[in-house]
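These are my notebook entries on a structure that I examined entry by entry. I set out what I looked up and what I found.

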Amino acid sequence: MDTNKVTPEDEKIVCEKIADLVSYGLKSGLVDPADTVYTVNRLLEDLELSDFTADMDSISVEKNVPKLADILNDIMDYAVKAGLFEDSIASRDLFDTKLMGALTPLPSTVRSTFAGLYEKSPKEATDYYYSFSKATNYIRTDRIAKDEKWTTDTEFGTIDITINLSKPEKDPRDIAKAGKAKASGYPKCLLCCENEGYAGHLSHPARQNHRIIPFRLAGQDYFLQYSPYVYYNEHCIIFNKLHTPMKIDKAAFEKLLDFVNLFPHYTAGSNADLPIVGGSILSHDHFQGGGYEFAMVRAPYEKEFEFNGFEDVHAGLIHWPLTTIRLQGKDKARVAELGDKILTTWRGYTDEASIIFAETDNTPHNTITPIARIRRADGTAQGAGVMAEGDLYELDLVLRNNLTTEENPLGLYHPHAQYHHIKKENIGLIEVMGLAVLPARLKKEMAALEELILADIAAGKSASEIGANIKADEVLASHADWAEEFIERRGTSSINKDNIHTIVQDEIGQVFSHVLEDAGVYKCTEEGRTAFMRFVDAVNA
């Protein structure tokens, strides 16, 4: 500590902040009253303080305290002044997580509480665990609140759009330091169970406030955790105890169905296991789930059919931009078995007329993005409580192909170039289900675009003139053709300062709908449906 920079008044103030933080711990249930003094001393140690000048009796569950983010920021400002770390985004994240680690109960305590609540209700258990993960600041709710979210009505129903603003930008100083730091192979990745309680470093987030829940899927050890930057309600990660590559196979289907059997109020799915269509960490076997009703869930059957030998499993193609076979059955083993038959056929399936190739130059292209849930007897999905009479296991199998062509080098069934100004990244599981996760850059770009459009409309300019002005702007140029088209279609007289933001949001949503269509291996046309049925015939052959 640099004692020359801090004053006795600084130390007095930070002790009051420590009292606020421990009071927060009591109020949120993280700290047992019996552990009050112990927790204060842990925080004094972290801050290299030998004296506590605040009133210990002031620490109470009844005490009115500021927001957690404000308490932590004040303490970290002191720590920077005291020379405990250099002020940067990553360093502050490492230090505030260390502070929260002093308040976070041991893994054994968290697991015991979860297990006790699970005996009453799976939903009670996850409600506790989700609240706990937010209380520890593992889920940074103050940052997630910055995300911009809206819905858009499309041909395929109402889909969700979010511009992700919650992940902090990289600080150049942190990048430089990380580049000089000694490489570490522990934990092997961000999903490994060894992250629980890990202090982290500039290239790896701190996890002292991280706790995971163990359970078994298809005879293997898995853990449950929530995503630190939840994209939707109770966005959870279900990951293998072993650092083993992702693989879509019969066992994956069995595990997904086992999970929704354990947690009937959650959905669970997996990214595909090939590059381009995977969109996730392929090095560690994991699934994603949560308590959210995605647009895909509401998609109705467009065409229903039977698979030979599986007449007990209801099957059909749903009305969705990505080619999705929906299976429903009372016996999860039978649903998984049929899923495996469809996957095995698709892995080796080629239809040159539809530009679908199982492999080229010994590189495989076909795989599946699977999603599992419980379909209630009344037709709704998920819900609360446990499986009931009439409920069905539901497995959506989204056919994926990662073929690249000269015209589409990033992927034929990937967002096409005309939509890259909005979405260029892979279409992973979350997008497949109907929730767009768009880059943070769009927030500033759309604000600037709206301002330019309104100024040009006020100046009496036409859609083509506005498009030319946008094209001349180095930052906004990629949006020019898109903006000119929707301004021409809507008419300049219908666009004003009161509706411009809603209009731009709606147009972004329509682009995302088209992006999903690009990712569909069979298009929603008569020709596409005919080609799809050739694949169904191949499964039945």
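How does the lining of the second largest pocket divide by class into nonpolar, polar and charged residues? I found seven nonpolar, four polar and four charged residues in that lining. For this count, Ala, Val, Leu, Ile, Met, Phe, Trp, Tyr, Cys and Pro are nonpolar, Asp, Glu, Lys and Arg are charged, and the others, Gly among them, are polar.

Before going further, I recorded the basis of the entries. The model is predicted, so I noted that local features need pLDDT of at least 70, that side-chain atom pairs count only at pLDDT 80 or more, and that totals for chains, interfaces and linings use all residues. Residues are numbered from 1 along each chain as its sequence is written, and side-chain values use heavy atoms, with hydrogens and water left out.

**Entry: the second largest pocket**

I returned to this pocket for its volume, which is about 350 Å³. A pocket is an open set of points on a 1 Å grid over the protein atoms alone, with protein on both sides within 12 Å along at least five of seven lines; a cavity is a set of points where a 1.4 Å probe fits but cannot get out; lining residues have an atom within 4 Å of a point. Grid points are joined across faces, edges and corners, and a volume is the space filled by probe spheres set on the points. The lining holds 15 residues, and Ser354, Ile355, Tyr413, Val521 and Lys523 lie nearest the centre. Helix α16 (residues 526–540) supplies the largest share, four residues. Helices (H or I, at least four residues) and strands (E, at least two) are DSSP runs, numbered from the N terminus.

**Entry: the largest cavity and tyrosine 226**

The largest cavity has a volume of about 40 Å³. Its lining consists of Tyr129, Phe132, Ser133, Thr136, Tyr138, Asn209, His210, Arg211, Gln225 and Tyr226. Two or more of these residues come from each of α6 (122–135) and β4, and α6 gives the most, three residues. By class, I noted four nonpolar, five polar and one charged.

I then looked up tyrosine 226 itself, which belongs to strand β4 (residues 220–226). Tyrosine 226 has a relative accessible area of 0% and is therefore buried (buried means under 20% relative accessible area, exposed over 50%, partly exposed in between, with a 1.4 Å probe and protein chains only). Contact means heavy atoms within 4.5 Å.

**Entry: the open sheet β1-β2-β15**

I traced an open sheet of three strands in the order β1-β2-β15, with mixed pairing. β1 (148–154) and β15 (435–438) each have a single partner strand and stand at the edges, so one side of each lacks a neighbour in the sheet. From one strand to the next, the twist averages 25 degrees. Helix α15 (residues 500–519) packs on this sheet and touches β1, β2 and β15, and the direction of α15 makes about 65 degrees with that of β1. Axes are lines fitted to C-alpha atoms, for helices over the stretch in contact, and angles run from 0 to 180 degrees between N-to-C directions. β1 and β2 (residues 157–163) run antiparallel and are joined by seven bridges; two strands pair if DSSP finds at least two bridges between them. Threonine 154 stands opposite glycine 157 in β2.

**Entry: strand β9**

Is strand β9 (residues 314–318) largely enclosed or open? Four of its five residues are buried, so β9 is largely enclosed by the rest of the structure. Four bridges join β9 to the antiparallel strand β8 (residues 301–305), where phenylalanine 305 faces alanine 315 of β9. Four bridges also join β9 to β10 (residues 324–329), again antiparallel, and glycine 316 has arginine 326 as its bridge partner in β10. β9 and β10 form a hairpin with five residues between them.

**Entry: backbone geometry**

I noted a cis peptide bond from tyrosine 186 to proline 187, with omega near -15 degrees. Proline 187 lies in the loop between α8 (172–180) and β3 (213–217). Aspartate 361, although not a glycine, has a positive phi of about 50 degrees, and aspartate 361 counts as exposed at 75% relative accessibility.
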